[in-house]
Amino acid sequence: MSVNLEKNITAPTVQQIQTDRLTQLAEKYWAPHSEQKHEQFNPDVIEDIYMQDIRGSNFSIRRIMVLEFSQYLENFLWPNYKPGASVAHILSIVIMVNEKFRERVQVWQAFRKDSEFFPDFFQRVLESCLEDELLINIREQTALLIFLNHCFNSMEEAICRDQVKRLVSLSMWISLQPSRREHEFKLNPRWKKFWRAIQRKDKPDQLEKLTWERTFLQKLMLKFLLVLDSIGEAGICPPDKVHYCERFLELVIDLEALLPTRRFFNTVLDDCHVVVRCWLSGLIKRPEGHLFSQVSTKCMCMKLTLTNIRVTVENTLNIFREMALI
């Protein structure tokens with residue numbers, strides 16, 4: 001699923017690109033067609049570009065398009081990524097990957113050529129998704145959600161598949177309430193055998209890391225609910241928070257739609273009562289929540305289908321009437 005929230009964007013002209021300060025920086029540090037010898041990598045360049053031209057421009061698509069035109073990701077950001085890179089470096093890569101998807105050009109080729117540090121980068125992205133808004137603002141966290149969704153939708157790529165599959169396997173049921181987990185095992189006895197096998201294979205020295213990964217999506221749901229609950233039926237309604245909520249539901253719908261991810265994810269989603277909380281939220285009652293309401297409806301319909309709830313047409317209509325949909 002793709003929710004297009006962007007207005008018509010006019011691409012910068014050739015003259016504007018040639019005279020842009022970003023083009024001058026590219027000529028100096030990474031442009032492949034540059035006649036002069038490139039200067040050595042300087043991490044301050046990434047910090048400067050991020051603070052002035054990406055975040056400083058309020059994530060202007062035109063500024064990001066200029067960076068994409070200069071091959072910023074494949075010639076500067078990713079080749080110079082190392083463990084311990086700055087938050088600006090992480091977010092710059094995320095923003096550029098999202099832009100490539102928006103422009104529908106090849107994305108993962110640069111990562112395939114040098115995939116050594118991709119697991120470290122992906123782990124940093126996951127950690128950033130759960131950071132406090134004071135450290136990574138809601139606009140940046142929305143970009144992280146979009147990137148995460150692209151990764152889940154790119155499971156045909158080995159580098160993505162190897163990272164995301166550990167987030168949505170049977171082991172994620174560790175985040176379920178024990179009574180709910182036992183109930184699910186009674187419905188599917190063979191899964192309990194797999195569950196025990198997973199527990200036997202877990203190494204004590206890796207248990208903390210494994211537990212963090214397995215509970216990541218549940219923690220992300222709880223974070224979403226905190227953001228959603230911060231929007232009341234009246235008063236100020238920050239558009240960035242609305243956009244975050246819409247993008248989170250887009251991620252949920254895509255995870256529910258993908259066969260490799262929905263089997264165990266759907267149960268955790270239900271255990272967190274995410275869909276119910278969406279329908280009880282203040283945002284869904286506001287004019288600003290019109291798109292959120294539409295996405296929530298689709299999310300609820302998928303939940304009804306995937307949990308195999310057998311209801312008659314009349315009962316289904318009653319459910320929608322109670323939710324004031326018809």
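The following conversation walks through a predicted model of a protein, from its overall make-up to some of its individual residues.

Visitor: What does the secondary structure of the protein come to?
Guide: The model, which is predicted, has 19 helices and zero strands.

Visitor: And how much of the protein counts as buried?
Guide: Of its 326 residues, 48% count as buried.

Visitor: What about the accessible surface?
Guide: The accessible surface of the protein comes to about 17200 Å². Carbon and sulfur atoms account for 53% of that surface.

Visitor: Among contacts between residues at least 6 apart in sequence, how many join residues at least 24 apart?
Guide: The share of those contacts that join residues at least 24 apart is 71%.

Visitor: Which residues of α3 are buried?
Guide: The buried residues of α3 are V45, I46, I49, Y50, D53 and I54. They cover an arc of only 130 degrees around the axis, so they lie on the same side of α3.

Visitor: Which residue caps the N-terminal end of α3?
Guide: That residue is N42. A side-chain oxygen of N42 lies 3.0 Å from the backbone nitrogen of D44.

Visitor: Which residues is S92 in contact with?
Guide: Leaving aside neighbours within four places in sequence, S92 is in contact with I46, Y50, I54 and L77.

Visitor: What lies 2.6 Å from a polar atom of the S92 side chain?
Guide: The backbone oxygen of A88 lies at that distance from the polar side-chain atom of S92.

Visitor: Changing topic: how many disulfides are there?
Guide: The count comes to zero disulfides. C129, for instance, is in no disulfide, and the nearest cysteine sulfur, that of C151, is 9.6 Å away.

Visitor: Is C129 buried or exposed?
Guide: C129 counts as buried, at 2% relative accessibility. Another cysteine, C272, is buried with a relative accessible area of 10%.

Visitor: Now the loops. Where is F59, and what is its phi?
Guide: F59 is in the loop between α3 and α4. Its phi is positive, about 60 degrees, although F59 is not a glycine. F59 is buried, with a relative accessible area of 11%.

Visitor: And R104: where is it found, and is it buried or exposed?
Guide: R104 is found in the loop between α6 and α7 (109-113). R104 is exposed, with a relative accessible area of 77%. Phi of R104 is near 60 degrees, a positive value in a residue other than glycine.

Visitor: Further along the chain, what does F224 touch?
Guide: F224 lies in helix α14, residues 216-229. Not counting residues up to four places away in sequence, F224 touches Y244, C245, F248, L249, V274, C278 and F292. F224 is buried, with a relative accessible area of 0%.

Visitor: How many residues apart are F224 and Y244?
Guide: They are 20 residues apart along the chain, and their C-alpha atoms are separated by 8.2 Å.

Visitor: One more helix: where is Q163, and what does it touch?
Guide: Q163 is in helix α10, residues 158-164. Apart from residues up to four places away in sequence, Q163 touches F118, P119 and F122. Q163 is buried, with a relative accessible area of 8%.

Key: Residues are numbered from 1 along each chain as its sequence is written. This is a predicted model: local features need pLDDT of at least 70, side-chain atom pairs count only at pLDDT 80 or more; totals for chains, interfaces and linings use all residues. Side-chain values use heavy atoms; hydrogens and water are left out. Buried means under 20% relative accessible area, exposed over 50%, partly exposed in between (1.4 Å probe, protein chains only). Helices (H or I, at least four residues) and strands (E, at least two) are DSSP runs, numbered from the N terminus. The arc is that of the directions from the helix axis to the C-beta atoms. A polar contact is a pair of N or O atoms within 3.5 Å; within protein, one must be able to donate a hydrogen and the other to accept it, and residues adjacent in sequence count only if both atoms are side-chain atoms. A disulfide is a pair of cysteine sulfur atoms within 2.5 Å. Contact means heavy atoms within 4.5 Å. Accessible areas come from the Shrake-Rupley method with a 1.4 Å probe; for residues, only the protein chains shown count as cover.
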